[in-house]
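Here is a short report on one protein model. Keep the structure open while you read.

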Amino acid sequence: MRHWPPPAVSTATWRRLAVGPVAPFLDLRVHFCRRTVALPGPILLPGALCGRLRCAVRSLGFGGNDLAVEWTMSKRLAGKTALVTGATSNIGRAIAEVFAAEGAHVAVSGRSAERGGEVVDGIRARGGRADFVRADLDGTAAASRALAEEAARVLGGRIDVLVNNAGIYPGDTTAATDEKTFDRVYAVNVKAPFFLTAAIAPAMAQAGGGAIINLGSWIAPLGIPIGALYSSTKGAVETLTRAWAAEFGPSGVRVNAISPGVVQAFAPGDEHPAEAMMKGTPAGRTGTPDAIADAAVYLAGDESSFVHGIVLDVDGGRTTTAVIAA
Ligand SMILES: NC(=O)c1ccc[n+]([C@@H]2O[C@H](COP(=O)([O-])OP(=O)(O)OC[C@H]3O[C@@H](n4cnc5c(N)ncnc54)[C@H](OP(=O)(O)O)[C@@H]3O)[C@@H](O)[C@H]2O)c1
């Protein structure tokens, strides 16, 4: 919030400052008699101290335009570390970028060092913290374990948030799917997150807690006539989400999933078949990676501390509604 010239100190302002037993981290700046005093932030302002500050200012007889307080809410993932798989492209990239913007130190993972480097450079150029960790998640426990170890190392020994985002989605019909493709899709989409979670969740629990976010898909609960193999892997991921929430939740590790609708950017005028899949939805369009990333910030942060085992549909209404023209 930014006020200049400073308005009167409203009750609402003070109430917002003094919320909770401990107010959130704040970057605080005080405007007093047209002078600005910037307090080095972020600082932790106990709610009780906010209350005392309010009383002190009032007792001195100041009011009107003499004093205003300007603050910014702290970053929602400040101090956290996060590993995002498949962060070299589209949804994973957006999650890594938004996590870093919210204060997390992010391990950006994928196979492409070139695209991973671009993501890391962009985050660092904006003042964030990120490192690239190359991994080919071939479904073996060894590959997932190696990624877990290297990510923990670059993140300073601790992973607070794991986003199991890497995924592949060939759209063949069932009859056209060979065994090699079947094994590959299950390896990347199911086995890799399974063994990555196995490698990371116990350490999270030992450290006092953490958050795991899996990527499901709108075509897990809604049958469509293509991509049966891919749909089934996402069904497995959503089931794993609930099972892991029960298994790790009591140790402080919250496990949830996001189920995106179609999230792709298409060139204007280029009618892609995937766009047709979002017709008849309330949103009426494909989604943006940022919409998924915003949901991931919520599930990764303390605002969702009471949320376990859900699959959050961020799909423009694809799985819940059918908009039928009147
Ligand atoms: N986009 C959608 O419309 C949509 C809808 C519903 C659900 N989802 C789910 O959301 C997630 C992300 O989708 P997206 O569209 O952003 O995918 P994408 O653009 O195709 O990117 C996939 C990511 O996974 C990584 N990856 C693929 N195979 C890998 C492997 N063997 N080892 C390590 N990393 C690998 C890729 O990195 P490298 O190329 O660097 O290896 C890339 O960063 C997926 O789980 C997908 O199923 C997407």
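## Terms and source

A residue is buried if 20 or more other C-beta atoms lie within 10 Å of its own, exposed if 12 or fewer, and partly exposed in between, with C-beta atoms placed from the backbone. Helices (H or I, at least four residues) and strands (E, at least two) are DSSP runs, numbered from the N terminus.

This is a predicted model: local features need pLDDT of at least 70, side-chain atom pairs count only at pLDDT 80 or more, and totals for chains, interfaces and linings use all residues. Residues are numbered from 1 along each chain as its sequence is written.

## Overall make-up

The protein has nine helices and 11 strands. Of its 326 residues, 40% count as buried.

## Helix H7

H7 covers residues 228–248. Its buried residues are Leu-229, Tyr-230, Thr-233, Lys-234, Val-237, Glu-238, Leu-240, Thr-241, Trp-244, Ala-245 and Phe-248. An α-helix has 3.6 residues a turn, so residues three or four places apart point the same way.

What covers the buried side of H7? The cover for these buried residues includes helix H6 (179–206) and strands E9 (210–215), E10 (253–260) and E11 (311–314). Contact here means C-beta atoms, placed from the backbone, within 7 Å.

## The sheet

Seven strands make an open sheet, in the order E7-E6-E5-E8-E9-E10-E11, with parallel pairing. E7 (129–134) and E11 are the edges; each has a single partner strand, so one side of each lacks a neighbour in the sheet. Two strands pair if DSSP finds at least two bridges between them.

E9 and E10 run parallel and are joined by six bridges. Leu-215 stands opposite Ile-258 in E10.

## The ligand shell

The shell around the ligand holds 26 residues, and Gly-86, Asn-90, Gly-110, Arg-111 and Gly-167 come nearest. A residue is near a molecule if its C-beta atom, placed from the backbone, lies within 6 Å of it. Helix H3 (residues 90–101) gives the most to this shell, with three residues.

Asn-90 lies in H3. Its phi is near 40 degrees, a positive value in a residue other than glycine. Most residues other than glycine have a negative phi. Asn-90 is partly exposed, with 16 other C-beta atoms within 10 Å.

## Asp-121

Asp-121 and Asp-131 are 10 residues apart in sequence and 8.9 Å apart in space, C-alpha to C-alpha.

Key
The expected span of a helix is 1.5 Å times one less than its number of residues. Two residues are in contact if their C-beta atoms, placed from the backbone, lie within 7 Å.
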